[in-house]
Amino acid sequence: MESYYVVVFGLQVLAVAILEVSKGNKDRIHTTSAFNAFKNNYILVYCLMMAGDWLQGPYVYFLYSHYGFSKGDIGRLFIAGFGSSMVFGTIVGSLADKYGRKRAGITYCVTYILSCFTKHSSQYRVLLVGRILGGISTSLLFSAFESWLVAEHFKRGFEPQWLSLTFSKAIFLGNGLIAIISGLLANTLAGTLGLGPVSPFDAAAFGLTIGLVLICFTWSENYGDPSEDKTLIAQFKAAATIIAADEKIALLGAIQSLFEGSMYTFVFLWTPALSPNDQEIPHGFIFATLMLASMLGSSLASRLMTRMTLRVETYMQVVFFVSAVSLLMPILVNFMGISSDDQGGTMSASGRVLLLSFCVFEVCIGIFWPSIMKMRSQYIPEDSRSTIMNFFRIPLNLFVCLVLYKVDAFPVSVMFGMSSIFLMMAAILQRRLSVVSDKLKTRFVEGRVSAEKEHDSETELLKI
C-alpha cells in the first residue's frame, strides 16, 4: 500500500486524538448514571446498526462491477435503492409513528439482513430486489432510531441539553469509529483474506443479527401518534400540513434534502473519481480514511454544540459553504490539468488531490449529522416525527435518482459541480433559517419581558 494513504490516515488520527484529549470541563456535560446507562445502550445498538450499513459501503459499487455490470446498469441498481426509499419511506415512517419505533427498528434489521443475502446472486433481478429492500431499510435507519431516542429521552425525564451529548457520541462512534473499523474489516475480508467482495455483506448480516437481539430484549416501545382512528393517509396529510405551515420545518427539510442528496451522489461517485482509468486503489482503506474524516467532524461538532453562545443555525452556514467548495475540486483539477491519464497502476496525482478534498467534505458530513439531529429535535413535533423526517427524504431520493439515471450522460466532474451548487443553496437556506429562528427568539424574549413587567405592575398595584 502506498505511503500516501497511510500519511493521510495518520494525520487525521492525530487530529482526532488531539481534539479528544484536549477537551476540558467546559466541553463536557455532567449527567446522571441512569442517563449514561440509557445513552450507552442506545449507542451500542446504533453502532451495530451502522456497522451493518458501513460494512457494505466500500464494496457495493465494486461488487456490481465484479459481476460484470456496466456503469449504467450499476446506476440503475442504485436508482432502485433510492427510488424504494422515496416511495416507501413516508409509509414506513408513518407506520413507525403509529405502530411503534421499536418495531420499526426490528423491521430494519430483518429487511437489511435479507438485502445482504441477495448479494450472493449475480442475477440482476435478485440484486434489484436487494436494492429495494435496502432502500426501505435506509428510510428506517435515518428516522425510526432517532425518533425512538428523542421520545424515550423525554419520556424518562432527562435534560434536553443531554440529547446533544447522545447525538454527538453516536455519530462520533457510529458514523466515525465503527465506519473506520468496518472499512478496514471489509478490506481485510475481501482483499487480504481473499474471501471475495460478497464477504463484507455476510459480516454486515451478522452484526445486524446481534443488534436485532438487543433491540428485542432491551428496548421499550414508544409511539408518535398511536390513535387507532388515524389512517396512514391522515398522518401523511397532517405531516404535509405541519411542514407547509411552519417555515422553519420547511427550510430544515429543504436543507436536509440538498445536503443528503449531494452526499449520496458522492457515495456513488467517489470510486470512479479516484480511479478514472481503472487504477488499483485500496477501496476499504480509502473508505476508512473518509470515515475517519467524518469522525474528526463529529468530534468538532461535539465541541461546537456545547458552546452555549454558538448556535447550530449559525455555524452550519459555514459548514455548507466549505462542503460546496470541497466538491468543486474535481472541476478545478480538470481545469488545472493535473494528471489522471495513467491507465491502471496506482492512484494518480489528481486522485491524491481529490482524496484530500473528499476528506474535507467528510469532515463537513461529520459535523452535519449531530447538528441536523439537534435542529430536528428542536423544530419537528413529536407525534409525527418519523413521518416528517421521511417526508424530507422524498426530494433527496428523487434528486439522486435523476442524477444516477443520467450517470452515463455527464462526466463525473459535472455531477460533482451539480452537487456543489446544491450545497451552496443549502448554505443560503441555512442563513434564512437562522434569520427566522432569531426573529422568533427575539419575539419570545420580548413577550416574556413584557409579561414580567405587567406582572410587576400588578404586584405594585396590589401593594398600594
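Two residues are taken to be in contact when their heavy atoms lie within 4.5 Å. By this criterion, and leaving aside neighbours within four places in sequence, Cys216 is in contact with Lys102 and Ile106. The model in which these contacts occur is a predicted one.

The protein chain contains 17 helices and 0 strands. Of its 464 residues, 57% are buried. The accessible surface of the chain comes to about 19,600 Å², and carbon and sulfur atoms account for 66% of that area. When contacts between residues at least 6 apart in sequence are considered, 88% of them join residues at least 24 apart.

The average pLDDT is 82, and 86% of the residues score at least 70. Among the elements, the highest mean pLDDT, 95, belongs to helix H9 (residues 199-218), whereas the lowest, 72, belongs to helix H16 (residues 385-405). Where pLDDT is low, predicted coordinates should not be read in detail.

Cys216 is located in helix H9. Its relative accessibility is 36%, so Cys216 counts as partly exposed. The C-alpha atoms of Cys216 and Lys102 are 8.0 Å apart in space, although 114 residues separate the two in sequence. Tyr223 lies in the loop between H9 and helix H10 (232-245). With a relative accessible area of 36%, Tyr223 is also partly exposed. Tyr223 and Arg101 are 122 residues apart in sequence, and the distance between their C-alpha atoms is 6.3 Å.

The loop between helix H5 (101-118) and H6 contains Gln123. Residues over 50% relative accessible area are classed as exposed; Gln123 therefore counts as exposed, at 53% relative accessibility. A C-alpha separation of 8.7 Å was computed between Gln123 and Tyr67, which are 56 residues apart along the chain.

Helix H6 (residues 124-141) comprises 18 residues. From its first C-alpha to its last, H6 reaches 25 Å, close to the 26 Å expected at 1.5 Å a residue. The buried residues of H6 are Leu127, Gly130, Arg131, Leu133, Gly134, Gly135, Ile136, Ser137, Thr138, Ser139, Leu140 and Leu141.

Two packed helices are described by the angle between their axes and the distance between the axes. For helix H2 (residues 33-54) and helix H7 (residues 144-155), the angle is about 175 degrees and the axes are 12 Å apart. Angles over 145 degrees count as roughly antiparallel, and H2 and H7 are therefore roughly antiparallel to each other. On the H2 side, the residues that meet H7 are Phe35, Phe38, Tyr42, Val45 and Met49. Their counterparts in H7 are Phe145, Glu146, Trp148, Leu149, Glu152 and His153.

Glu146 is also touched by Met373, a residue of helix H15 (residues 349-379). Met373 has 8% relative accessibility and so counts as buried. Between Met373 and Val150, the C-alpha to C-alpha distance is 9.7 Å, with 223 residues separating the two in sequence.

Definitions and conventions:
Residues numbered from 1 in each chain as written. Predicted model: local features only at pLDDT ≥ 70, side-chain atom pairs only at ≥ 80, totals over all residues. Heavy atoms only, no water. Helix = DSSP H or I, 4+ residues; strand = E, 2+ residues; numbered from the N terminus. Buried < 20%, exposed > 50% of the residue type's maximum accessible area, 1.4 Å probe, protein only. Areas by Shrake-Rupley, 256 points an atom, 1.4 Å probe, with all protein chains shown as cover. pLDDT = per-residue confidence, 0-100. Expected span 1.5 Å × (residues − 1). Axes fitted to C-alpha atoms, helices over the stretch in contact; angles between N-to-C directions. Parallel < 35°, antiparallel > 145°, perpendicular 65-115°, else oblique.
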